[in-house]
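Me: Got a model open here and want to talk it through. Can we start with how the helices pack?

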Amino acid sequence: MPSVPQASRRNVIRGALVVGVAGAAGGGALLTANLAQAENDAKAKAPEIFSCEDWGARPGSGSQLSNKPTKIVIHHTASANQSDTSKQAAFKLAKDVQSWHMDGNGWSDTGNNFTISRGGFIMEGRHTSLKHLNDGKGWVQSAHAPGANSDGIGIENEGTYTDGLPPKELWNALVQFCAHACKQFGIAPKEIYGHRDFSSTACPGEAFYAKLPQLRKDVEAALNGDGGGGGDDAWTAVVDNGDKDVKRGEGWKLSAYSADKHGKDYAFAEPGNGGGLVEFTVTIPKDGTYTVSTWYAANKGYNPKAPYTVHAGGTDKAVTVDQTAKGGQWVSLGDYKLKKGKQKLVSVGHKTTGKGYVIADAIQVKAKK
């Protein structure tokens, strides 16, 4: 599979457009309210997916891989936010994307694995992607994002989302598809990324990229049998170790070794009698009671006595967490009465008698109903 700079790919897409984005903006203004409805509508069921044969794809090929995909990568086509949301328009989009990639970029097939139209129609992109999805094993070498082409499911979403957001039909289909793919391949919702996480690109658009935390939440809810975002409207904030307000003290290093990690990596430190802290800061919207939880990558060789401190209401509460088990999920540190405002809420240290690395990955703060 030839390696083509991603910027070239976007230029090919833009060059193929008959209608410019600016000209389509008036007919496709999208409101945040649409997403609120979409979040209530999406369900955790296998969506209808049209195969390459269904939409009339040209013959294409890609090397078959034995490994399963471990992540999902979200793209936008950077094309017009057109008003035609019919199945016919969706099939034409799939054909156009394949032509842009094969004729414009010289690739052997559509670069991405699946394409979702603004009308919510889901179509196979690269040949055999649907077969692997249905089987839940193996994958096909793709060409949608350098660094994620052999283990990432590339999803093109029709439109340009620099300012506006996807329509509810597209959002619903995306949530359903991601939930189905996560179930088939055992992918955690936290492993949903934007194209810009792997390349220097604006894709999938500033507005869409900012909505990815909500997408992960909706997919997780769909996997749990709830409507996407509709089953729990309690205020929630997640702070990852890589966020700008997180401070990492002496003795901490970064690793992406564990598949149970939250985000791209996690901090780890050797246990001992001293050393610095990883401090998580959160902005609380109003006075109230909140559940504080932690996410960590578990391993039998990690620390069974990881020392956390929750700073709440002027009182510091020490909490010991066994990081040899229950990794890759939110583990409660307790309920606390918190005041409105920005505050250092959780500290993780490595002064402990337990043996094994101490992990500092992410925290979640959720309002009690």
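Predicted model: local features only at pLDDT ≥ 70, side-chain atom pairs only at ≥ 80, totals over all residues.

Me: Which residues do α7 and α9 span, and at what angle do their axes cross?

Reply: α7 covers residues 168-185 and α9 covers residues 212-223. Their axes cross at roughly 60° and come within 9 Å.

Me: Which residues make the contact?

Reply: From α7, they are Trp171, Leu174, Val175, Cys178, Ala179, Cys182 and Lys183. From α9, they are Gln214, Leu215, Asp218, Val219, Ala222 and Leu223.

Me: How does the contact of α7 with α9 split by class?

Reply: There are 10 nonpolar residues, 1 polar and 2 charged.

Me: Switching to Asn157. Where is Asn157 found?

Reply: In strand β7.

Me: Buried or exposed?

Reply: Asn157 is buried. Its relative accessible area is 0%, and the cut-off for buried is under 20%.

Me: What is Asn157 in contact with, leaving aside neighbours within four places in sequence?

Reply: Ile74, His75, His76, Thr77, Ile116, Leu170, Leu174 and Phe208.

Me: Which backbone oxygen does the side chain of Asn157 reach?

Reply: That of His75, at 2.9 Å.

Me: And Ser79, how far is its C-alpha atom from that of Asn157?

Reply: The two C-alpha atoms are separated by 9.6 Å. Along the chain, Asn157 and Ser79 are 78 residues apart.

Me: What side chain has a polar atom 2.8 Å from the backbone oxygen of Ser79?

Reply: The side chain of Thr160.

Me: Where does Thr160 lie?

Reply: In the loop between β7, residues 152-157, and α7.

Me: Is Thr160 buried or exposed?

Reply: Buried. Thr160 has a relative accessible area of 14%, so it falls under the 20% cut-off.

Me: Zooming out. How many helices and strands does the protein chain have?

Reply: It has 9 helices and 20 strands.

Me: How much of the protein chain counts as buried?

Reply: 51% of its 369 residues.

Me: Last one. Among contacts between residues at least 6 apart in sequence, what share joins residues at least 24 apart?

Reply: In the protein chain, that share is 79%.

Technical notes. Residues numbered from 1 in each chain as written. Heavy atoms only, no water. Axes fitted to C-alpha atoms, helices over the stretch in contact; angles between N-to-C directions. Helix = DSSP H or I, 4+ residues; strand = E, 2+ residues; numbered from the N terminus. Contact = heavy atoms within 4.5 Å. Nonpolar A, V, L, I, M, F, W, Y, C, P; charged D, E, K, R; others polar. Buried < 20%, exposed > 50% of the residue type's maximum accessible area, 1.4 Å probe, protein only. Polar contact = N/O pair within 3.5 Å; in protein donor to acceptor, adjacent residues only side chain to side chain.
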